[in-house]
Amino acid sequence: MTLPDRKHPVRHLVAVSQELHTNGSAGRTILLRYRRDEAWAPLVSYLGLPADPAWADHILQIVEQKRRIEELDGIGCQPVLISVTTEEMLEWIGNGLHSQVMAFPSSNNPIRWPRYSIDSLIVPA
């Protein structure tokens with residue numbers, strides 16, 4: 001399939017890629033698009049980390065500063081590859097908590113994650 005602005009045709013689609021099947025393993029997470037408010041929950045979920053939504057801005061800022069987000073070619077979406085390991089995320093979370101840039105939740109309750117419909121994730125921003 002040929003895409004505009006590409007010299008060579010696309011041979012692999014994210015929707016049927018082996019990479020998507022192993023999403024989150026080996027420090028590689030593929031998302032349909034990158035927005036901080038949407039990226040945090042699937043990223044920590046795929047990496048198997050306990051996390052608070054309030055930590056998203058701080059940790060994703062580190063991910064952005066370290067240039068760990070790579071745009072991928074997509075059809076009808078703007079997929080990205082986020083390259084970060086569980087160990088790196090745990091280190092950044094620990095550093096944020098230790099420096100008091102982040103804090104543990106004040107109460108011991110279930111975390112309330114935002115809900116998104118698949119339609120809202122596919123519609124271009």
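Five helices and three strands make up the secondary structure of the protein chain in this predicted model. Along the sequence, these elements follow the order α-β-α-α-β-β-α-α.

**Overall chain**
- The protein chain has 125 residues, of which 28% count as buried.
- The accessible surface of the protein chain is about 8800 Å², with 52% belonging to carbon and sulfur atoms.
- Of the contacts between residues at least 6 apart in sequence, 61% join residues at least 24 apart.

**Salt bridges of Arg36**
- Arg36 pairs with Asp57 in a salt bridge at 3.5 Å, N to O. Because Asp57 belongs to helix α3 and Arg36 to helix α2, this pair ties together parts 21 residues apart in sequence.
- Arg36 also forms a salt bridge with Glu64, with the closest N and O atoms 2.7 Å apart. Here too the pair links distant parts of the chain, Glu64 in helix α3 and Arg36 in helix α2, 28 residues apart.
- Arg36 is partly exposed at 27% relative accessible area, as are Asp57 at 47% and Glu64 at 32%.

**Salt-bridge network at Arg33**
- Arg33, Arg35 and Glu38 are joined in a network of salt bridges.
- Within it, the closest N and O atoms of Arg33 and Glu38 are 2.8 Å apart.
- Arg33 is buried, at 9% relative accessibility, and Glu38 is buried as well, at 10%.

**Asp52**
- Asp52 sits in the loop between α2 (36–47) and α3 (56–65).
- With a relative accessibility of 13%, Asp52 counts as buried.
- Beyond its neighbours within four places in sequence, Asp52 contacts Trp40, Pro105, Ile111 and Trp113.

Conventions
Residues numbered from 1 in each chain as written. Predicted model: local features only at pLDDT ≥ 70, side-chain atom pairs only at ≥ 80, totals over all residues. Heavy atoms only, no water. Helix = DSSP H or I, 4+ residues; strand = E, 2+ residues; numbered from the N terminus. Buried < 20%, exposed > 50% of the residue type's maximum accessible area, 1.4 Å probe, protein only. Contact = heavy atoms within 4.5 Å. Areas by Shrake-Rupley, 256 points an atom, 1.4 Å probe, with all protein chains shown as cover. Salt bridge = Lys/Arg side-chain N within 4 Å of Asp/Glu carboxyl O.
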